[in-house]
Amino acid sequence: MKKFVIASLVTLIAGAASAQEVKHPDPAGLDEVIKSSFSKMPKGWESRFVQDETQHICSVYHDNPPSAEMDKIQKAETAKIKLPADGKVIGDWKAGEKIAYSGKGGRIKDKPGTVNGGNCYACHQIDPKEITYGTLGPSLAGYGRIRNYSAEDAKTAFTKIYDSKATVACSAMPRFGASGFLSEQQIKDVVAYLFDPASPVNKK
């Protein structure tokens, strides 16, 4: 009986070790499979399949690059950040609320001229009373209130939204400003949604 138990444990351990040996597909072959799956792309979408250097590094290292590569990414992405010329990073929180809950823009069926949204709620809890939200990112409920509505923290939030990879090298958060997906004013409005005392975000 003991021999049977030992043999079973050895088999289980061997099987677990084997299961942990993950084989990653050939990058070039994977790219071709992805491209071929989009048979009816709108004009101009071809560029979306071309990674920039930051995306390429993150892909190669599965979002966990060595420190030297991480520093390289953060330096390059920080250089892309453009703070508002007027020095103001807070806009209209009501406009920011609409942006945060809008998933429009960048989709195959979106018509030209569609105003992009941030789709923030897909990854974050924002309004404390909201019951439907994503959990990929941290909760933003009470964001400004917790930070005592600090002007410096508002500026940090602007830069994070503008280019998240300047802060966390392989962040899953889109580079909204650096990519041009959201305008400077839109980012200001989202920052206002996070920092204005009148915003639902900061209500208990």
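1. Helices here are DSSP runs of H or I with at least four residues, strands are runs of E with at least two, and both are numbered from the N terminus. The model is predicted, so local features need pLDDT of at least 70 and side-chain atom pairs count only at pLDDT 80 or more, while totals for chains, interfaces and linings use all residues. Residues are numbered from 1 along each chain as its sequence is written, and side-chain values use heavy atoms, with hydrogens and water left out.

2. Overall make-up. The protein has 8 helices and 0 strands. Along the sequence the pattern reads α-α-α-α-α-α-α-α. The chain counts 204 residues, of which 31% are buried (under 20% relative accessible area; exposed is over 50% and partly exposed lies in between, with a 1.4 Å probe and protein chains only). Take contacts (heavy atoms within 4.5 Å) between residues at least 6 apart in sequence: 61% of them join residues at least 24 apart.

3. Helix 7, starting with Thr156. This residue sits in helix 7. Thr156 counts as partly exposed because its relative accessibility is 44%. Its C-alpha atom is 9.5 Å from that of Val89, a residue 67 places away along the chain.

4. Is Thr159 buried or exposed? It is buried, because its relative accessibility is 17%. A polar atom of the Thr159 side chain lies 2.7 Å from the backbone oxygen of Thr156. Leaving out residues up to four places away in sequence, Thr159 touches Ile81, Leu83 and Ser164.

5. Lys165. This lysine lies in the loop between helix 7 and helix 8, the latter being residues 184-195. Lys165 counts as buried because its relative accessibility is 10%. The C-alpha atoms of Lys165 and Thr78 are 8.0 Å apart, although 87 residues separate the two along the chain.

6. Salt bridges around Glu77. The whole structure has 7 salt bridges (a side-chain nitrogen of Lys or Arg within 4 Å of a carboxyl oxygen of Asp or Glu). One joins the side chains of Glu77 and Arg175, at 3.2 Å from N to O. This pair links distant parts of the chain: Glu77 is in helix 4 (residues 67-78), Arg175 is in the loop between helix 7 and helix 8, and they are 98 residues apart. Both Glu77 and Arg175 are buried. For Glu77 the relative accessibility is 0%.

7. Lys80 is partly exposed, because its relative accessible area is 34%. Which residues make up the network of salt bridges? They are Asp52, Glu77, Lys80 and Arg175.

8. Arg107 and Asp110. A salt bridge joins these two, the closest N and O atoms being 2.9 Å apart. Asp110 is buried, because its relative accessible area is 19%. Arg107 counts as partly exposed, at 44% relative accessibility.

9. The second largest pocket. Its volume is about 170 Å³. It has 14 lining residues, and those closest to its centre are Trp45, Arg48, Gly106, Arg107 and Asp110. By class the lining has 4 nonpolar, 5 polar and 5 charged residues (nonpolar: Ala, Val, Leu, Ile, Met, Phe, Trp, Tyr, Cys and Pro; charged: Asp, Glu, Lys and Arg; polar: the others, Gly among them). On a 1 Å grid over the protein atoms alone, a pocket is an open set of points where a 1.4 Å probe fits, with protein on both sides within 12 Å along at least five of seven lines; lining residues have an atom within 4 Å of a point. Points are joined across faces, edges and corners, and the volume is the space filled by probe spheres set on them.

10. Gln125. This residue is in the loop between helix 5 (93-100) and helix 6 (143-146). Gln125 is buried, because its relative accessible area is 15%. Its side chain makes a polar contact with that of Ser139, at 3.0 Å (a pair of N or O atoms within 3.5 Å; within protein, one must be able to donate a hydrogen and the other to accept it, and residues adjacent in sequence count only if both atoms are side-chain atoms). Neighbours within four places aside, Gln125 is in contact with Glu130, Tyr133, Gly134, Pro138, Ser139, Leu140 and Ala141.
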